[in-house]
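This report goes through a few features of the structure shown below. Please keep the sequence and the model at hand while reading.

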Amino acid sequence: MQHAIKIHVNGEARTWRSGATVSELLSELDIKNERVAVELNLEILDRAVFDQRLLKDGDRVEIMSFIGGGAS
Amino acid sequence: MADDRLIIAGREFKSRLWVGTGKYKDFAETKKAIEVSGADVVTVAVRRVNIIDRSKENLLDYIDPKKYTILPNTAGCYTVEDAVRYSRLARAAGVSDLVKLEVLGDERTLFPDTAGLIEAAKILVKEGFIVLPYTNDDPIVAQKLVDVGCPAVMPLAAPIGSGLGIRNPYNLKIIMEMIKVPIIVDAGVGTASDAAFAMELGADAVLMNTAIAGAQDPIAMAEAMNYAVQAGRLAYKAGRIPRKLYATASSPIEGML
């Protein structure tokens, strides 16, 4: 049965549902997963596992991408 | 100049001008400036995706990774751990296994922490990254970076964003003579003559951002830099005349009245 979990996404506290995958999180946040990297509790995820990894209470997710920048 | 190729880690680059993507007023201007510059290597920073406002456009919708070599950088990293973490994230995002490695030592100067840089480079080379390190104009550090496996070295001309130009041409020249991998002068260029000067010294390429993006007319400056880098390279290959204190007439005396 699904229940509410608390996770942090890019430093923001969010209430999510247990059993949700990383892929579902990305799609519900309207993020195309092709040019992002996801770090779950400091572990960088291979994009092949986005569909399988389930989110659990207390998870810290970082979703990173590229922005304009030359140097520092 | 058809056979004057720049090859790093087995990859061939068409342009000897490499550019950053920061400080432009919008993505359209970024795209236009890069097109006009003729650059085929474009450096980008790695940051959190904005999950609050999803209306914001993505840089890579404007800079096509199929058309340009995307060079992720570790801008803003002050520790070995952070630089390694950002490099891994950049690779995981799936556009490149290249990294412009920065390990900064101080916020005011943005000078590199060269001890940390060598350490981070060592770790990343072992993980299969093509590490292009942003370093000081120190020939000994440059050699150490090559020794740990960096296929090119990117010494600064002056502090990042300072526009001071080539502050120590003699050190850069020593690096270019001593170090047997491509040398890319990274940071400090202010205007076209600085870029030409770097190339005349023998740099294999020049990387810049602020000099173009911060100009009053970035598109025009991008074009100027394109010419400057090409002109400087041609002059280097052509071989300049020696400097002499006194005049040498270029017209013959013979035939004069």
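## A tilted aromatic pair

With a relative accessible area of 23%, B:Y62 is partly exposed. The model is a predicted one.

Over all chains, the structure holds two aromatic pairs. In one of them, the ring centres of B:F27 and B:Y62 are 5.4 Å apart and the ring planes are at 40 degrees, so this pair is tilted. B:F27 belongs to helix α1 of chain B, while B:Y62 is in the loop between β4 (41–48) and β5 (69–73) of that chain, so the pair ties together parts 35 residues apart in sequence.

## Other ring contacts

What angle do the ring planes of B:F13 and B:W18 make? The planes are at 55 degrees and the centres are 5.2 Å apart, so this pair is tilted. B:F13 counts as buried because its relative accessibility is 5%. B:W18 has a relative accessibility of 1% and therefore counts as buried.

A charged residue also sits over a ring: B:R91 lies over the face of B:F129, 3.8 Å from the ring centre.

## Helix α8 of chain B

Helix α8 of chain B covers residues 218–238, which makes 21 residues. From its first C-alpha to its last it reaches 30 Å, close to the 30 Å expected at 1.5 Å a residue. Just after α8(B), B:G239 takes a positive phi of about 85 degrees.

Which residues of α8(B) are buried? They are B:P218, B:M221, B:A222, B:M225, B:N226, B:A228, B:V229, B:G232 and B:R233. The buried residues of this helix pack against several elements of chain B, namely β3 (17–20), α1 (27–37), α6 (192–201), β10 (205–208) and α7 (210–213).

## The nonpolar cores

The largest nonpolar core has 70 residues, and B:L101, B:M208 and B:M225 touch the most other members. The element that gives the most to this core is α6(B), with six residues. B:M225 is also one of the buried residues of α8(B).

Leaving aside neighbours within four places in sequence, B:L101 is in contact with B:T74, B:A83, B:S87, B:L117, B:A120, B:A121, B:L124, B:V131, B:L132, B:P133 and B:Y134. A second, separate core has 20 residues, including A:A20, A:V22, A:L26 and A:V36.

Technical notes. Residues are numbered from 1 along each chain as its sequence is written. Chains are lettered from A and ligands numbered from 1 in the order in which they are written. This is a predicted model: local features need pLDDT of at least 70, side-chain atom pairs count only at pLDDT 80 or more; totals for chains, interfaces and linings use all residues. Side-chain values use heavy atoms; hydrogens and water are left out. Helices (H or I, at least four residues) and strands (E, at least two) are DSSP runs, numbered from the N terminus. The expected span of a helix is 1.5 Å times one less than its number of residues. Buried means under 20% relative accessible area, exposed over 50%, partly exposed in between (1.4 Å probe, protein chains only). Contact means heavy atoms within 4.5 Å. A nonpolar core is a set of buried Ala, Val, Leu, Ile, Met, Phe, Trp, Tyr and Cys residues joined through side-chain atoms within 4.5 Å. Rings of Phe, Tyr and Trp (its six-membered ring) pair if their centres lie within 6.5 Å; planes under 30 degrees apart count as stacked, over 60 as edge-to-face and the rest as tilted. A charge sits over a ring if NZ of Lys or CZ of Arg is within 6 Å of the ring centre and within 35 degrees of the ring normal.
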